[in-house]
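User: I would like to learn how to read the features of a protein model. Please take me through one, step by step.

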Amino acid sequence: MEETYPRDWKEYKFGDIFDFSGSLSISRANLSDEGICYLHYGDIHKSSNSFIDVSKVYDEIPKYNISLEQVDSKYLLKDGDIVFADASEDYEGIAKSITVVNKDNKPFISGLHTIVARDKNSTIDNSYKRYFLKDWNIRKQLMTLATGTSVLGISQPNLKKIKVFLPAIEEQNKIGEILSEWDKAIELKEKLIKQKKEQKKGLMQRLLSGKIRLPNFSGQWEKMHLEDICIEKGLVRGPFGGALKKEHFVKQGYKVYEQKNAIYKDINLGDYYIDENKFLELKRFEVNQGDFIVSCSGTIGRIYRIPNDSPNGVINQALLKIRINDKLIDSEYFYQYFQWESFQNRIIENTQGGAMRNLVGMEIFRKTLLSIPPLIEQKKVAEVLYCIDNEIKLLEQELLLTKEQKKVIMQQLLTGKIRVKV
């Protein structure tokens, strides 16, 4: 491990540079929107950031409704503290941590299943702390020292054993500044994507409701039931019960589109197939290129179009097949219309259940009313919304690339493969 780092970097153990302490164990059920900021280990696991700036996200942080006088000062987090989650269900989350940025010294409690590391001395720069635990050599040590089976834990004594190689404090500070600039670029792209999505949301509301019309279009829109714009048997819900079981799956054959295909942004075809005999038996549930599949439970109303390069197959339970008549409605327009918030809300009205809602009453769903313009206007509206989708997709690709570039540069900076001038 010593050979990985420059010779002028010094070796330390976490126990040399940090004091470790426990936390105030309060369950999430006792949290609210008022009181003192509270850092729960679950929020550390959910965060995509390596640090939390209390002043910036104060309103978003869960609170524990208690007066400051009732809290022992040892549980209050200070600027520069590192908070580790001491439990994880997978190796990736072992000892996941977050560095506290709290320059205004706002009251902030370290919570359930967390371990706090606080500076013993000035060995490590605060800006460098935000990133140095991303060093793969440190991650490997943490994973090796984790204990447990179904839940993996890290203890204070084991954290003290972790080895770290550090450059001089001035170089640490410079590395922290460089990586902070990358974070700012990532944050700006994320804000731009959010703005674009909000812009599209507002435009959908105006264009799909007819509140505004594109130039050179006028006249009345036609009201149709959902079933009216489908070709014969164009609305089919997936088979229930034992129509598809584990023993029906084969290594090659016809694809089985599962419900998880409707949960994520892009269709994940999965690895499930059925043979020709089973396919013919379930012919009624066949889906082809250009068909739409809709989630009927859980992530209710999520819609995806079967891509042109995808194989034919059948839908599994909890999915609905929609095969539209393209002489009445444009495919891209229908895709956008189905994602429209107002239409999604109408779908939710026809569901039942709690956290896992289900679409009920297919007859009610078939009779859902759509107000749609002539086909040529549909195509133009769809083009406008599709262009915004492409802009968002491009920004998301740029964001992903920026994050990947930061990861590469960060590893090189944290191991001294790239040196900075100070």
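Analyst: Helices (H or I, at least four residues) and strands (E, at least two) are DSSP runs, numbered from the N terminus. This is a predicted model: local features need pLDDT of at least 70, side-chain atom pairs count only at pLDDT 80 or more, and totals for chains, interfaces and linings use all residues. Residues are numbered from 1 along each chain as its sequence is written, and side-chain values use heavy atoms, with hydrogens and water left out.

User: How do I read a sheet? What is the strand order in the open sheet of five strands?

Analyst: Look at pairing. Two strands pair if DSSP finds at least two bridges between them. Here the order is β2-β10-β6-β8-β4, and the pairing is mixed. β2 (18-21) and β4 (51-53) are the edge strands, each pairing on one side only. From one strand to the next, the twist averages 25°. (Axes are lines fitted to C-alpha atoms, for helices over the stretch in contact; angles run from 0 to 180 degrees between N-to-C directions.)

User: Which strand does β2 join, and over how many bridges?

Analyst: Four bridges link β2 to β10 (residues 114-119), and the two run antiparallel. One place to look is S21, whose bridge partner in β10 is V116.

User: Now β8. Which way does β8 run against β4, and against β6?

Analyst: β4 and β8 are parallel, with three bridges. I52 stands opposite V100 in β8. β6 (residues 82-85) pairs with β8 in the antiparallel sense, again over three bridges. There, F84 faces S97 of β8.

User: Are the residues of β8 buried or exposed?

Analyst: First the cut-offs. Buried means under 20% relative accessible area, exposed over 50%, partly exposed in between (1.4 Å probe, protein chains only). Five of the five residues of β8 are buried, so the strand is largely enclosed by the rest of the structure. Both faces are covered: S97, T99 and V101 lie on one side, I98 and V100 on the other.

User: Which loop holds A95, and what is its phi?

Analyst: A95 sits in the loop between β7 (87-88) and β8 (97-101). Its phi is positive, about 50°, although A95 is not a glycine. A95 is buried, at a relative accessible area of 4%. Compare H113, in the loop between β9 (108-110) and β10. Phi of H113 is also positive, near 55°. H113 is partly exposed, with a relative accessible area of 34%.

User: How do I read a nonpolar core?

Analyst: In soluble globular proteins, nonpolar side chains tend to be buried together. A nonpolar core is a set of buried Ala, Val, Leu, Ile, Met, Phe, Trp, Tyr and Cys residues joined through side-chain atoms within 4.5 Å. The largest one here has 41 residues; I229, I322, Y333, F334 and F338 touch the most other members. Helix α11 (residues 375-414) gives the most to this core, with seven residues. A second, separate core of 34 residues includes F18, F84, I124 and I138.

User: And helix packing? At what angle do α8 and α9 pack?

Analyst: Check the axes, then the contacts. α8 (residues 331-339) and α9 (residues 341-349) pack at about 65°, with axes 5 Å apart. Contact means heavy atoms within 4.5 Å. Y337, F338 and Q339 of α8 meet E341, F343, Q344, R346 and I347 of α9.
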